[in-house]
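I opened this one to see how the fold is put together. My notes run from the overall build to single residues.

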Amino acid sequence: MRVTADYHTHTVYSHGKGSIEDNVRAALKRGLKAVGISDHGPGHLFIGVRGEGALRRMQKEIGEIRSKYPQIAVLCSVEANIVDLDGTIDVPEKILPALDLLLLGYHKLVRPRSMRAFFWLAANLLCGWLKLRPAWLRRLNTAAICAAVRRYPVTAVTHPGLQVDIDTAALAAVCRERGTLMEINSSYGEKLDGYVRTALPLGVSFLCSSDAHTPERVGDFAAAFALIRRLQVPAERIANVQADGEERQQE
Ligand SMILES: [Zn+2]
Ligand SMILES: [Zn+2]
């Protein structure tokens, strides 16, 4: 089994360490056929892409890099944040058509869009610190993420259940219905076992990614592969892997 694409990588446009070109060169070194530049959405208080202008500059830079490296697909993406209970994300609607992929992840410390969103995000922060998991908060979290998956063309939900308590089965059902993938994130390893265990029997498909914040980690799927082996996730359920021998059969 080998991964053919890494759609979740960060650069200096958010809090990654390398440039877009550094990530592309690292992906080529790993033999990938595609790499996604998926920096944090602009709604994050500290690590997001700096506004719409920066998103436009990224798109332009990716266009130039594509002509320089025609041997690999370089995809323009964002790891969007949820900024309200109705599932609103922090990527302006007019930017969406220009994206090749849209990743969606719940992150703490994002700028709320409304007062009720402020209290919701604050409740998650507080309950996280106090290690409390009230059912009402889990319902709100699940409804918000499911609404975002229904409302936007989300390619994949990143690290489901990390930083937030959700009903995984409910989210997996919506993802399956919408054709949205659920991420097996190689930066978190065993922390994601619980959600994969729940989602696997529900027929949803997965996406394997590095969530690299340095060029060296682009295409590093070691922890994701360990999870896949541990939980026996079949290769055909993972959108961006090729089973051994598959490539040869295609040629
Ligand atoms: Zn993330
Ligand atoms: Zn990320």
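The entries below follow the order in which I looked things up.

**Ground rules.** This is a predicted model, so I kept in mind that local features need pLDDT of at least 70 and side-chain atom pairs count only at pLDDT 80 or more, while totals for chains, interfaces and linings use all residues. Residues are numbered from 1 along each chain as its sequence is written, and chains are lettered from A and ligands numbered from 1 in the order in which they are written.

**Overall build.** I found 8 helices and 9 strands in the protein; helices (H or I, at least four residues) and strands (E, at least two) are DSSP runs, numbered from the N terminus. The radius of gyration is 18 Å, close to the 18 Å that the globule rule gives for 251 residues, so the protein is as compact as a globular protein of that length. That radius is taken over C-alpha atoms, and the rule is 2.2 Å times the number of residues to the power 0.38. I also noted the span of the C-alpha trace along its principal axes, about 50 × 45 × 30 Å.

Next I checked burial: 43% of the 251 residues are buried. A residue is buried if 20 or more other C-beta atoms lie within 10 Å of its own, exposed if 12 or fewer, and partly exposed in between, with C-beta atoms placed from the backbone. Then I turned to contacts (C-beta atoms, placed from the backbone, within 7 Å). Of those between residues at least 6 apart in sequence, 75% join residues at least 24 apart.

**The sheet.** What is the strand order of the open sheet? I read β2-β3-β4-β5-β6-β7-β8, 7 strands with parallel pairing. Two strands pair if DSSP finds at least two bridges between them. β2 (5-9) and β8 (206-209) are the edge strands, each pairing on one side only.

Ala5 has Ala34 in β3 as its bridge partner. Although β2 is an edge strand, it is mostly covered, with 5 of its 5 residues buried.

β3 and β4 also run parallel, joined by 7 bridges, and His40 stands opposite Glu79 in β4. I looked at burial in β4 too: 6 of its 8 residues are buried.

Further along, β6 (residues 156-157) and β7 (residues 181-185) pair in the parallel sense over 2 bridges. There I saw Ala156 opposite Leu181 in β7.

**Helix pairs.** I took α1 (residues 20-29) and α2 (residues 51-68) to start with; their axes come within 10 Å and cross at roughly 40°. Axes are lines fitted to C-alpha atoms, for helices over the stretch in contact, and angles run from 0 to 180 degrees between N-to-C directions. α1 and α2 are therefore oblique to each other; under 35 degrees counts as roughly parallel, over 145 as roughly antiparallel, 65 to 115 as roughly perpendicular and the rest as oblique. On the contact itself, I listed Ile20, Glu21 and Val24 of α1 and Glu61, Ile62 and Ile65 of α2.

The axes of α3 (residues 115-130) and α4 (residues 135-151) come within 11 Å and cross at roughly 125°, so this pair is oblique as well. Here Trp120, Ala123, Asn124 and Cys127 in α3 meet Leu137, Leu140 and Asn141 in α4.

**Loop between β4 and β5.** I found Asp100 in the loop between β4 (73-80) and β5 (103-104). It is partly exposed, with 16 other C-beta atoms within 10 Å. Leaving aside neighbours within four places in sequence, Asp100 is in contact with Leu75, Cys76 and Ser77.

Pro92 has its place in the loop between β4 and β5 too. Is Pro92 buried or exposed? With 12 C-beta neighbours inside 10 Å, Pro92 counts as exposed. I noted 9.5 Å between the C-alpha atoms of Pro92 and Gly51, which are 41 residues apart along the chain.

**Positive phi.** Most residues other than glycine have a negative phi, so I looked up two exceptions. Gln163 has a positive phi of about 70° and is placed in the loop between β6 and α5 (168-178). With 13 other C-beta atoms within 10 Å, Gln163 is partly exposed.

Asp211 has a positive phi of about 55° and lies in the loop between β8 and α7 (222-231). Asp211 counts as buried, with 24 C-beta neighbours inside 10 Å.

Terms used. Two residues are in contact if their C-beta atoms, placed from the backbone, lie within 7 Å.
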